[in-house]
Amino acid sequence: MELTQIAKRLEQVRKTNPLVHNITNVVVTNFTANGLYALGASPVMAYAKEEVAEMAKIAGALVLNIGTLNPKEVEAMLIAAESANANDVPVIFDPVGAGATTFRTETARKIVKSAKISVVRGNAAEIANIIGEDWTIRGVDAGEGNGDVASLAKKAAQEIGCIVAITGKEDFISDGEKTYVVRNGHSILTKVTGTGCLLSSVVGAFAAVEKDTIQACVSALVSYGVAAEMAAAQTEANGPGSFQIEFLNQLAKVSSEDIVKYGSVGTLGEEKQG
Amino acid sequence: MELTQIAKRLEQVRKTNPLVHNITNVVVTNFTANGLYALGASPVMAYAKEEVAEMAKIAGALVLNIGTLNPKEVEAMLIAAESANANDVPVIFDPVGAGATTFRTETARKIVKSAKISVVRGNAAEIANIIGEDWTIRGVDAGEGNGDVASLAKKAAQEIGCIVAITGKEDFISDGEKTYVVRNGHSILTKVTGTGCLLSSVVGAFAAVEKDTIQACVSALVSYGVAAEMAAAQTEANGPGSFQIEFLNQLAKVSSEDIVKYGSVGTLGEEKQG
Amino acid sequence: MELTQIAKRLEQVRKTNPLVHNITNVVVTNFTANGLYALGASPVMAYAKEEVAEMAKIAGALVLNIGTLNPKEVEAMLIAAESANANDVPVIFDPVGAGATTFRTETARKIVKSAKISVVRGNAAEIANIIGEDWTIRGVDAGEGNGDVASLAKKAAQEIGCIVAITGKEDFISDGEKTYVVRNGHSILTKVTGTGCLLSSVVGAFAAVEKDTIQACVSALVSYGVAAEMAAAQTEANGPGSFQIEFLNQLAKVSSEDIVKYGSVGTLGEEKQG
């Protein structure tokens, strides 16, 4: 994948300001909205079953996140997804905490079975638990598992039947056949809540402007990771509070030149380093 | 309107720390509370129908915001508004996203019909959609409409029967007869979520200390806009993350001298520039 | 209490990253999660009655906070507390706004009666209202009361039958017999929403690594207060926005040396100053 193509997609997000409809958890709403605004997208949060179908229909992407799920919102998610599916709006799913409780695991499985999902993005434990693989999870933070993450991404993509992006120290993005690896990002992201959730919404923003979903997904991960690296370079010594704010700045500032210079993406076996 | 009067009202907010009861959306709760604290007001969020009447009764102002509405919270809003009305507590209404979905439009209309509202504050699209004018809205961000915004503010004030404040590049505040224009603020406010919502709550804080509602509303808009300008002057080059934080700082710091020096308010045809 | 012991407990939190399950209010979710991550703990928010028992069971501590309570979440809190009690997971309770409305007061009393609470942390008004003492409260901010706060802490600890921590200008922590006083912290904490709520969650993080609950509680208050002082020293002149961010930085940075140097804790009558 050419880094210049990734940079063009980022510019496309900024130029067209896609509307991203989020049904997300109460911890990350503010950070998600500010991150999407910073990137150049237009966020909307709408949760009531009375309106989600209408909102999802006009959106460029729908993002479902079960971080603080309850039965009512799950119902709204399914209604929204049905509307999105009927109107060719891509649906991104973030299975926060799948594996941590039975309710989360079952809800995650129900969502990937009931709706046509374009991308599932999560950590290794969440993805493993959706497809019934053995992988521990601790609250909403990934624990340890067996086997390699790249294979897990590929297998999950085959079983769920959509693009699967497993993010962590390295990110693996698979459609079940081809698997990309992205080596951008920074460990301080794990000290700020909602950085995974915002990433899923950023995938939504890219999916709204790029029909080739795996390209959209990889482009989102590279852009996000480069912005994080740039923010970390300036603020890591200060701490996670400063990083969080500078990261919002960098989502607005990261340039095509930065993407080309710092982006690191490849298919397994043949990687391209910026 | 004298800028020195506006400055005095700001000092009055800081001296009396009015309690502002917010029933607002899940995206902006934290930013709203921090903004009100910074300004010198005392925020409280209470949403359950079991307690909203009691909380609204002791508040200096009640702020209703439908940004992530659901039927239960709308019910609580109406109970709270009834209590506020019975106890002469001013009610500010922020019709976030009216026009974007039928549920939002109908709820907004229901609220302005069922309760005695002191001020409705929104963007042009939201206000237009409440009174059935043609104006596009995109998610919760104002789109394009016909006709001038000043006339829309005046007409809406007449139809709804309260003060209407339409904020945007310029702000228009009308009681249906007289219309003020405020030219403070900064475009970077549109890159931070909840800046409109917080403004509605700040209008509440001023309405709690000034019985002349249109004066309270204009004073809030000028104070808020000057603080935003001062924050933007320091942080615009850094990005929306830094602006967001500096804006909280400036809400606490903006002085009477700043208001008099930078405030820009006039009635249509005869403007006063600080 | 030795300050070196307090420092060791802080290091213990950082080393073991205890999972803290929060059922908290919608205003402070993000700040609470980021504060816990900064400190070194692992936050999780889970609210649905379908999953709270399972989540509380695997947690190191459960924190209940009624800042924006509703009947459904109160039900979930009681289910979670029952599970925590059955699994020897300490339960921290933050009675936000008890006394402000009948619903809050009654819910707070119900929770301390129905569940075995390890620590109740609140301001003087909240604690007084739980045990039926006369103390005014204004929204969620403490008002004025009669009598001294130390005696109130002691009496409340006896009546509720658990550790009671009343925080304010000075903090008093009592088990009904012995009462500690902590003189760390900074007044700018009152200008940032959720600093009390986060503190309750930090008490949870310490209770997860230290079985002697009053020692855990005092250690949390000292660590938190020293971090706040260090952040205030750098940012007080800038304002509450900058403080809020630097405070997150300092929760990650505050060192054993800082605790020993700046910690201020004593039992009433015999205080130890760092």
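Across the interface of chain C and chain B there is one salt bridge, a salt bridge being a side-chain nitrogen of Lys or Arg within 4 Å of a carboxyl oxygen of Asp or Glu. It joins Glu51(B) to Arg104(C), with the closest N and O atoms 2.7 Å apart. The model is predicted, so local features need pLDDT of at least 70 and side-chain atom pairs count only at pLDDT 80 or more, while totals for chains, interfaces and linings use all residues; side-chain values use heavy atoms, with hydrogens and water left out. Residues are numbered from 1 along each chain as its sequence is written, and chains are lettered from A and ligands numbered from 1 in the order in which they are written.

**Chain C with chain B**

- The rule finds 12 residue pairs in polar contact across this interface, both residues at pLDDT 80 or more. A polar contact is a pair of N or O atoms within 3.5 Å; within protein, one must be able to donate a hydrogen and the other to accept it, and residues adjacent in sequence count only if both atoms are side-chain atoms.
- On the side of chain C that touches chain B, α5 (102-114) and α10 of chain C each supply at least two residues. Helices (H or I, at least four residues) and strands (E, at least two) are DSSP runs, numbered from the N terminus.
- The most is given by α10(C), with five residues.
- By class, this side of chain C has 13 nonpolar, 13 polar and four charged residues. Ala, Val, Leu, Ile, Met, Phe, Trp, Tyr, Cys and Pro count as nonpolar, Asp, Glu, Lys and Arg as charged, and the others, Gly among them, as polar.
- In contact (heavy atoms within 4.5 Å) are 30 residues of chain C and 28 residues of chain B.
- Chain C and chain B bury about 2300 Å² between them, and 53% of that is on carbon and sulfur atoms. Buried area is the accessible area (1.4 Å probe) that two parts lose on being put together, summed over both.

**Chain C with chain A**

- Here 28 residues of chain C are in contact with 30 residues of chain A.
- The buried area is about 2300 Å², with carbon and sulfur atoms giving 53%.
- One salt bridge is found across this interface, between Arg104(A) and Glu51(C), whose closest N and O atoms are 2.7 Å apart.
- On the side of chain C that touches chain A, at least two residues each come from α2 (29-39), β2 (42-45), α3 (52-58) and α10 (240-253) of chain C.
- The most comes from α2(C), with six residues.
- That side of chain C holds 16 nonpolar, eight polar and four charged residues.

**A helix pair in chain B**

- The axes of α2 (residues 29-39) and α10 (residues 240-253) of chain B come within 6 Å and cross at roughly 35°. Axes are lines fitted to C-alpha atoms, for helices over the stretch in contact, and angles run from 0 to 180 degrees between N-to-C directions.
- The residues of this contact are seven nonpolar, three polar and no charged.

**Salt bridges overall**

- Over all chains, the whole structure has 21 salt bridges.
- One of them links Arg9(B) and Glu210(B), with the closest N and O atoms 2.9 Å apart.
- Arg9(B) lies in helix α1 (residues 3-16) of chain B and Glu210(B) in the loop between α8 (195-207) and α9 (213-235) of chain B, 201 residues apart.
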